[in-house]
Amino acid sequence: MSERLFIFDTTLRDGEQVPGCQLNTIEKIEVARALELLGVDIIEAGFPVSSPGDFEAVQEICKTVKDLTVCGLTRAVDKDIEVAAEALKLAKNARIHTGIGTSPYHIKLKLKSNEDEIIERAIRAVKLARNLVPEVEFYAEDAGRTDNIYLARVVEAVIAAGARIINIPDTTGYCLPEEYGAKIKYLMENVKNIDQAILSTHCHNDLGMATANSLAGIAYGARQVEVTINGIGERAGNTALEEVVMAIKTRKDLPFETRIQSQRIVSTSRLVSSLMNMPVQANKAIVGRNAFAHSSGIHQDGVLKNRENYEIIDPSSVGVDESALVLTARSGRAALKHHLNRLGNYPDDKQLVKIYESFLLIADKKKQINDEDLLALIGNGVAKDQPVRLNLLQVVAGKSTIPMATVHLFVHGEEKMATAEGNGPIDACVNAVKKIIPNKFVLDEFLIQAITRGSNDIGKVHVKLYADNRMINGFGADVDIITASVKALVDAVSKMLIK
Ligand code: KIV
Ligand code: ZN
């Protein structure tokens, strides 16, 4: 039987502490709504005493979301707790998250105090909070570097004072998974009143262990996990919600369940990323652009035979339509065929071999081949059997230079060459082609499109010309826009010669 695991999201508090990621109240409400739909159990909406903006945002979130608990952070300071209680007044379910540093670093160097005094301050904070809101969570800041025997004393004291959720933060991301798991185990076994509370993990990612530490904590008895969307947060960030949730969902040997609607994970990730201006790294687990993208020919072939050969998560379970077979120079014919079919083109095996050859030529120049590139490629495929084919092209152009083009064409198998000037490099090419092809034609349209994103993308050119009262279209594509233009013209001229 699966045990319930509570998801405490702190994107709007710990996540929002990232420099440059601050949100205004309207944006915070949008994130809070998305988190509610995602199914988190608790939202840490802010640190109300820290600024009037945070106070207002917590208040507004309390008015907006209903199907979860709204939590406000405080230090173990009376004013913080009173202000947080005020901000949370309209929450359907309110929780104050109060706490104090418990490691030797925090006690001596930050708080200039001693162990007994820290326990007294912790008890006082919890009691005050408990008088103001129905639910109190206590955090022992830097618990990761706190001696377990002292930590157990603190935890026992704050449970006795009324805290019902005890957060054991690895504030500096220092712990290793066995160590963090052992800490939770120690508390579960040595705190007498532990049955009156649940332990919560709150792990930072300084050593890349946040998710592993959180899972170790859960394995040894923690039943709440504190996370952020995309793992954002102080320094290297917090435990990523999507990683913990999908680990539990994917590994059937982890006997836990959450309320998370996992198909909303990717859309929530995108929302947070765009509102916070914080791009998600391409290889980020679950939500990265490449999380379900396969690039090598061997993997693509394997995925096409059966997705599970190379995927442990069904992309649709996190809201991704389908796995992406990214077309690169390492892709094989199987992936190329798959994409051509998807675009409504069904080449036979012989045609596919030819298209694959052209594909590799472009893929060597360009990092990734997209749908538009493929369509351009199919158009280009016709060129092989044309009466006129482009062999060589040399263009001189630039500021304070007379544009000049030298074009070498095969016309019915015979190589011909011409040089011409023009108003610009493309005009020079057209003039050179006109010198080689004696038949008269009038150019009516020259449409150049640099397709989509990057500067290394393919350029597409459509040409319309008139010859002998016939309208003829030509098409060319290349990473070099001038070459694409000449290819388009040559395509049209070829059709003109086939009467
Ligand atoms: O990392 C931490 O210790 C925290 C506490 C304030 C909960 O974020
Ligand atoms: Zn934190």
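The protein chain falls into domain 1 (3-275), domain 2 (293-371) and domain 3 (388-497), with bounds taken from an automatic or database domain assignment. Taken over C-alpha atoms, the centres of domain 2 and domain 3 are 31 Å apart. This is a predicted model, so to speak: local features need pLDDT of at least 70 and side-chain atom pairs count only at pLDDT 80 or more, while totals for chains, interfaces and linings use all residues. Residues are numbered from 1 along each chain as its sequence is written, chains are lettered from A and ligands numbered from 1 in the order in which they are written, and side-chain values use heavy atoms, with hydrogens and water left out.

**View 1: the shell around ligand 1.** Arg 13, Asp 14, His 97, Tyr 139, Glu 141, Asn 167, Pro 169, Thr 171, His 202 and His 204 surround ligand 1; a residue makes the list if one of its heavy atoms lies within 4 Å of the ligand. Sorted by class, that shell has 2 nonpolar, 5 polar and 3 charged residues (Ala, Val, Leu, Ile, Met, Phe, Trp, Tyr, Cys and Pro count as nonpolar, Asp, Glu, Lys and Arg as charged, and the others, Gly among them, as polar).

**View 2: polar contacts to ligand 1.** Which side chain has a polar atom 2.6 Å from an oxygen atom of ligand 1? That's Thr 171. An N or O atom in the side chain of Arg 13 sits 2.9 Å from a ligand 1 oxygen, and for the His 204 side chain the distance is 3.0 Å. Taken alone, ligand 1 exposes 260 Å², and the protein buries 93% of that (Shrake-Rupley areas with a 1.4 Å probe; for residues, only the protein chains shown count as cover).

View 3: Searching the whole structure turns up 1 aromatic pair. The ring centres of Tyr 356 and Phe 359 are 5.8 Å apart and the planes meet at 25°, so the pair is stacked (centres must lie within 6.5 Å; planes under 30 degrees apart are stacked, over 60 edge-to-face, the rest tilted). Both residues belong to helix 13 (residues 349-365), 3 residues apart, or about one turn of the helix. Tyr 356 counts as buried at 14% relative accessibility, and so does Phe 359 at 1% (buried is under 20% relative accessible area, exposed over 50%, partly exposed in between, with a 1.4 Å probe and protein chains only).

View 4: Asp 41 sits in the loop between helix 1 (25-38) and strand 3 (42-46) and is buried, at 8% relative accessibility. A polar atom of the Asp 41 side chain lies 2.8 Å from the backbone nitrogen of Ile 7.

**View 5: two loops with positive phi.** Most residues other than glycine have a negative phi. His 412 is not a glycine, yet has a positive phi of about 50°; you'll find His 412 in the loop between strand 14 (404-411) and strand 15 (414-421), exposed at 60% relative accessible area. Asn 469, not a glycine either, has a positive phi of about 60°. Asn 469 lies in the loop between strand 17 (459-467) and strand 18 (470-478) and is exposed at 81%.

Methods
A polar contact is a pair of N or O atoms within 3.5 Å; within protein, one must be able to donate a hydrogen and the other to accept it, and residues adjacent in sequence count only if both atoms are side-chain atoms. Rings of Phe, Tyr and Trp (its six-membered ring) pair if their centres lie within 6.5 Å; planes under 30 degrees apart count as stacked, over 60 as edge-to-face and the rest as tilted. Helices (H or I, at least four residues) and strands (E, at least two) are DSSP runs, numbered from the N terminus.
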